[in-house]
Amino acid sequence: MSAQGSIKMTVMQGEAKASGDERVIMSTVLGSCISTCLYDPIAQVGGMNHFLLPKPLDEAAEAKFDRSYGLFLMELLINDMLKQGAQKHRLKARVYGGANINANLGPIGSENAAFARKFLRDEGIEIVHEDLEGNRARRVEFRPADGRVRARHVANEASPPLTAPRDKPGGSDKAPVGSVELF
């Protein structure tokens, strides 16, 4: 996805960024967190957020609207895109993350995924692609101006080392480590 003259932007937990610059490539790495990639195909404006939890567990803290929560970051992302010429009724969503990586933490990833789906449905934003839940982290790269995404699963500790012998050229007969959406 990288191109000569590209501008790389890392979207960290608690951030939302929007752009209409065709040179911009946004990226993030997700475990149980969610990243929503929104884009308006007509205005050629898009953006990405990265949230840890849907909303504060403590109702008193909810009034503070901490930037690390999905409720705040979804609204922030949409508003930033609208300021750059996007129109809400044209927004398309691609949603990633929500892995349940640590069994001791419960289904946090699934709860995050359920929140993202519900929020987008309630706002009338079409989800055109999702890669949610499971038990593997993901690396996501997004071109906000045209909505193209490359997402792949990140190998976990159970994966064989890169130096493991292979019986067949180019890899083993197992399923690929991750999936990639081509554009």
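## The model and its overall make-up

This is a predicted model, in which local features need pLDDT of at least 70 and side-chain atom pairs count only at pLDDT 80 or more, while totals for chains, interfaces and linings use all residues. Residues are numbered from 1 along each chain as its sequence is written, and side-chain values use heavy atoms, with hydrogens and water left out.

The protein has 3 helices and 9 strands, where helices (H or I, at least four residues) and strands (E, at least two) are DSSP runs numbered from the N terminus. Read from the N terminus on, the elements follow the order β-β-β-β-β-α-α-β-α-β-β-β. Of the 183 residues of the protein, 39% count as buried, and the accessible surface comes to about 10100 Å², of which 52% belongs to carbon and sulfur atoms; such areas come from the Shrake-Rupley method with a 1.4 Å probe, and for residues only the protein chains shown count as cover. Among the contacts (heavy atoms within 4.5 Å) with a separation of 6 or more, 66% are between residues 24 or more positions apart.

Two strands pair if DSSP finds at least two bridges between them, and S5 pairs with S2 in the antiparallel sense over 5 bridges, with Ala16 standing opposite Asn49 in S5.

S4 is also antiparallel to S5, and 4 bridges join these strands, with Asp40 opposite Val45 in S5. S4 and S5 form a hairpin with 4 residues between them. In the turn of this hairpin, Gln44 has a positive phi of about 55°, although Gln44 is not a glycine, and at 48% relative accessibility this residue counts as partly exposed.

## The nonpolar cores

A nonpolar core is a set of buried Ala, Val, Leu, Ile, Met, Phe, Trp, Tyr and Cys residues joined through side-chain atoms within 4.5 Å. The largest one here has 23 residues, and those with the most contacts inside it are Leu38, Met81 and Leu120. At least two residues of this core come from each of strand S2 (15–19), strand S4 (34–40), helix H2 (70–83), strand S6 (92–97) and helix H3 (108–122), and H2 gives the most, with 6 residues.

If neighbours within four places in sequence are left aside, Leu120 is in contact with Thr36, Leu38, Met74, Ala93, Val95, Ile125 and Ile127. A second, separate core has 13 residues, including Val24, Met26, Leu30 and Met48.

## Helix H2

What length should H2 span at 1.5 Å a residue? The expected span of a helix is 1.5 Å times one less than its number of residues, and the 14 residues of H2 should therefore span 20 Å, which agrees with the 20 Å between its end C-alpha atoms.

The buried residues of H2 are Gly70, Leu73, Met74, Leu76, Leu77, Ile78 and Met81, and what covers them includes S2, S4, S5 and H3. Just after H2, Gly85 takes a positive phi of about 105°.

## The four-stranded sheet

An open sheet of 4 strands has the order S1-S3-S8-S9, with mixed pairing. Its edge strands, each of which pairs on one side only, are strand S1 (7–10) and strand S9 (148–153), and the twist averages 20° from one strand to the next; axes are lines fitted to C-alpha atoms, for helices over the stretch in contact, and angles run from 0 to 180 degrees between N-to-C directions.

Within this sheet, S8 and S9 pair in the antiparallel sense over 6 bridges, and Glu141 stands opposite Arg150 in S9. The loop between strand S7 (126–132) and strand S8 (138–143) holds Glu133, a residue with a positive phi of about 70° although it is not a glycine. Glu133 is partly exposed, with a relative accessible area of 23%.

Methods. Buried < 20%, exposed > 50% of the residue type's maximum accessible area, 1.4 Å probe, protein only.
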